[in-house]
Amino acid sequence: MGKAKARGLSLLSGGLDSQLAVKVLERAGACMECIVFETPFFSAASAKKAASALGVKLHVVDFTDDEIALLKNPPHGFGSAMNPCIDCHATMIRRAGEMMSRLGFDFVSTGEVLGQRPMSQNRQALGIVEKTAALAGRLVRPLSARLLEPTLPETEGLLDRDMLLDISGRRRDRQLALAAEFGLSEFPSPAGGCKLTEAGFARRLADLMNHEGLDNRRLVDLIVTARRFRLPAGSSLILGRDEKENAVLRENSDLGIFMECASASGPSAIVPRLVSESDLSAAAGIVVSYSKAASSAEPVEVSCLRDGARASVFAAAMPRDKSKELQIF
Ligand code: SF4
């Protein structure tokens, strides 16, 4: 009887390193499946594309509750924006470890490269991830494995350490050579894709967290949609930028006060939680200013749907420089 094949579960973002990790482990004889964690801030689209090109099964896991808990309280803090990368990554690996135990895999793997990212992939950060994820020697980083302590699958003879690699540092030449060797041609940039790393997005998210909070999942989902304003008395306004976003807001009209111009075409809008009636006039002024009736000499009727009852507010367009002061960029 031949030796049983090791079964590995690899974190796949779709980036080059995560794809190479799968290829290197398959070349070392392991049978691989992949896992990706999806949130409103990070789409699984690249991972799905990569999994299909690699021909591996992909487990897509909703990670939103974990991510929101980390946004509220990141034990190792944030990166340059609102990205709790060390804890986020460790928690993903912990969740992958739980799936490993449940589905009978032998190890979890990642495409991490020692020293590639000064903050999150130095030896200490890799150690924190390993400890937090509590995988007890079953976390394999095939691209840098020969520079790290042997893992259990290696010492147990399931993975041949000599078939694993010793890449370190920020240069990409070895990865690009391997990509050519494995015939990989499509991979997004390594840092791209996560909105939590974008400064403007982080400002909008921090504003939501500090005012309405992050407990309403539908409000969090809407954070990637539309312009956002913080009105003078403290309510917020979410304003559609195009027909697609207006349709999303219409679908979520029960999230607060839903507003649209009654007889002119223009954006849809939602005020999730009205702090003061004065904010309703300000919100209507902004809705009018982005509508076709913005230059009207007369106040424009804005229809407001509130707790199932329809009412009207009449407002003149708020001057654009004033609304820009209220917009969260
Ligand atoms: S970039 Fe985003 S998804 Fe990736 S570890 Fe950081 S916070 Fe998590």
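This is a predicted model: local features need pLDDT of at least 70, side-chain atom pairs count only at pLDDT 80 or more; totals for chains, interfaces and linings use all residues.

Mentor: We'll go from the whole chain to the sheets, then to the ligand and a few single residues.

Trainee: OK. How many helices and strands does the protein have?

Mentor: Twelve helices and eleven strands.

Trainee: What does the C-alpha trace span?

Mentor: About 85 × 35 × 35 Å along the principal axes.

Trainee: And what share of the residues is buried?

Mentor: Of the 329 residues, 43% count as buried. Buried means 20 or more other C-beta atoms within 10 Å of the residue's own; exposed means 12 or fewer; partly exposed is in between, with C-beta atoms placed from the backbone.

Trainee: Now the sheets. What is the order of the five-strand one?

Mentor: E3-E2-E1-E4-E5, an open sheet with parallel pairing. Two strands pair if DSSP finds at least two bridges between them. At the edges sit E3 (58–62) and E5 (139–140), each pairing on one side only.

Trainee: Is E1 mostly covered or uncovered?

Mentor: Mostly covered. E1 covers residues 7–11, and four of its five residues are buried.

Trainee: How many bridges does E1 make to E2 and to E4?

Mentor: Five bridges join E1 to E2 (residues 31–38), in parallel. Ser 10 stands opposite Cys 34 there. Getting from E1 to E2, the chain passes through helix H1 (residues 16–27), and this β-α-β crossover is right-handed. That term means that, with the strands pointing away from the viewer, the path from the first strand over the helix to the second runs clockwise. On the E4 side (residues 107–109), three bridges join the strands, again parallel. Leu 9 has Val 108 in E4 as its bridge partner.

Trainee: Which strands does H4 lie across?

Mentor: E1, E2, E3, E4 and E5, and H4 runs at about 155 degrees to E1. Angles run from 0 to 180 degrees between N-to-C directions, using lines fitted to C-alpha atoms, for helices over the stretch in contact. Contact means C-beta atoms, placed from the backbone, within 7 Å.

Trainee: While we're on H4, how exposed is Glu 98?

Mentor: Glu 98 is found in H4, residues 85–103. It counts as partly exposed because 14 other C-beta atoms lie within 10 Å. Its C-alpha atom is 9.7 Å from that of Ala 133, 35 residues apart along the chain.

Trainee: Next sheet. How does the six-strand one run?

Mentor: It is open, in the order E6-E7-E9-E8-E10-E11, with antiparallel pairing. The edge strands are E6 (227–230) and E11 (309–315), each pairing on one side only. From one strand to the next, the twist averages 25 degrees.

Trainee: What joins E8 to E9?

Mentor: Three bridges, in the antiparallel sense, between E8 (residues 257–261) and E9 (residues 269–271). Ile 257 stands opposite Val 271 in E9.

Trainee: And what about E10 and E11?

Mentor: Seven bridges, antiparallel. Cys 304 has Ala 311 in E11 as its bridge partner. The two strands form a hairpin with two residues between them, and Asp 307 in the turn has a positive phi of about 50 degrees.

Trainee: Is Asp 307 buried or exposed?

Mentor: Exposed, because it has 7 other C-beta atoms within 10 Å.

Trainee: What is the phi of Ala 226?

Mentor: Positive, about 75 degrees, although Ala 226 is not a glycine. Ala 226 lies in the loop between helix H9 (217–222) and E6. It counts as buried because it has 22 C-beta neighbours inside 10 Å.

Trainee: Last topic. Which residues surround the ligand?

Mentor: Phe 42, Asn 83, Pro 84, Cys 85, Cys 88, His 89, Cys 194, Leu 196 and Thr 197. The cut-off is a C-beta atom, placed from the backbone, within 6 Å of the molecule.

Trainee: How does that shell divide by residue type?

Mentor: Six nonpolar, three polar and no charged. Ala, Val, Leu, Ile, Met, Phe, Trp, Tyr, Cys and Pro count as nonpolar, Asp, Glu, Lys and Arg as charged, and the others, Gly among them, as polar.

Definitions and conventions. Residues are numbered from 1 along each chain as its sequence is written. Two residues are in contact if their C-beta atoms, placed from the backbone, lie within 7 Å.
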